[in-house]
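Here is a short report on selected parts of one protein model. Look over the sequence and the structure first, then read on.

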Amino acid sequence: MIRDLAAAALRRLDPETAHRATIAALRVLPKARPPIDDPRLKTNLFGLAFDNPIGLAAGFDKNAEVFDAAPGLGFGFVEVGTLTPRPQPGNPRPRVFRLLEDHAIVNRYGFNNDGHAPALTRLTARARLRVVGVNVGANKDSDDRIADYVAGVEAFANVADYLTINVSSPNTPGLRDLQEAPALRTLLARALEARDRAARRPPLLLKIAPDVTLAQLDEIARVARDAKIDGMIVSNTTISRPESLRSTLAKEAGGLSGRPLFSLSTRRLAETYLRVEEQFPLIGVGGVDGPEAAFAKLEAGASLLQLYSALVFEGPGLVSRIKRDLTARLAVEGASLSSIVGRRAADVAACA
């Protein structure tokens, strides 16, 4: 209750100030003990053990400052970043906007982060309470963006439980071009080579945009399968604007996240699930703002879930509510977590 009240108070601040205040508070407050999750929620994927399938998405802990606080909030895993080799300030402020009427966020941060070095220091010293993934990207002014991803893999392979190649942010000009088959094939090959040279070989995942066409998704899935990556995250924010949006801030440039992203991202999730044919697991993200949305993502093909924007509107108690509901549903059905994954993917994809 206290955390939810704090979240409501933070909504009175402008979004970026509220975010930094939250990070600052989590850095100094005592770390809560991770709750004990129902055994029905446990799952093993990518060779990793997850106490529950709910993760904190990249973008919240940009600089790997508070990943050790996420378990106390009930998350089963957390993804830090996006981290680029060199520090960069990102785009000018204001660059994040709350669409209150729509339970949505528009951001154009532009990979603002402190670079690899300070995050690596913190991750090296971490206690392994939960799975921690590292999301890597490229500097905006880089002459060789693929080399930046390779540098990220080399930097974090020995401290990350998994790595995410983020080629889907809409806020770095030209970045999404790396989703095209020829560039993506080269990128994944070089990233996997770098991963395989490391002392540890963490799973390597690819995060894609919801705005790809089905023809592009065909190519992405083919390249990902041929490369034998370990998984995909579907999806990042969208540059599209649904007609249902009511907020005047919807016109702001940037990626849209939150409730209005749910339909598009879930459809792309189901379409991806059908194309990869269970060769590797998927993480579903985009519009997970309650138990119904979480369950729908699982049925559409997600083995794990991530959320972030919904915390702004629902508070951190959202994680516990989702887990309680999911546990109850599994108990009523007598089902396991894995048995519901993808069972409605064909129906969801057919709604396109």
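In helix α7, the buried residues are L264, S265, T266, R268, L269, A270, E271, T272, Y273 and V276. This is a predicted model, and the values here are computed from it. The cover over the buried residues of α7 comes from several elements, including β9 (204–208), α6 (214–227) and β10 (231–234). Also among them are β12 (282–285), α8 (291–300) and α12 (345–350).

Helix α7 itself covers residues 262–276, 15 residues in total. From first C-alpha to last, α7 reaches 21 Å, close to the 21 Å expected at 1.5 Å a residue. Just after α7 comes E277, with a positive phi of about 50 degrees.

Now the strands. Seven of the seven residues of β4 (residues 77–83) are buried, so β4 is largely enclosed by the rest of the structure. Strand β8 (residues 162–166) is mostly covered, with five of its five residues buried. Side chains in a regular strand alternate between the two faces of the sheet. In β8, Y162, T164 and N166 lie on one side. L163 and I165 lie on the other. All of these are buried, and both faces of β8 are covered.

How are these strands joined? The table lists the pairings.

| Strand pair | Sense | Bridges | A facing pair |
|---|---|---|---|
| β3 (residues 54–56) and β4 | parallel | two | G55 opposite F77 in β4 |
| β4 and β7 (residues 131–136) | parallel | five | V78 with V132 in β7 |
| β7 and β8 | parallel | four | V136 opposite I165 in β8 |

Strand β7 in turn joins β8. I165, which stands opposite V136, is one of the buried residues of β8.

Next, a loop residue. N91 lies between β4 and β5 (96–99). Is N91 buried or exposed? N91 counts as buried because its relative accessibility is 18%, and the cut-off for buried is under 20%. Which residues does N91 contact, leaving aside neighbours within four places in sequence? They are R108, Y109, G110, K140 and N171.

Definitions and conventions. Residues numbered from 1 in each chain as written. Predicted model: local features only at pLDDT ≥ 70, side-chain atom pairs only at ≥ 80, totals over all residues. Heavy atoms only, no water. Buried < 20%, exposed > 50% of the residue type's maximum accessible area, 1.4 Å probe, protein only. Pairing = 2+ DSSP bridges. Expected span 1.5 Å × (residues − 1). Contact = heavy atoms within 4.5 Å.
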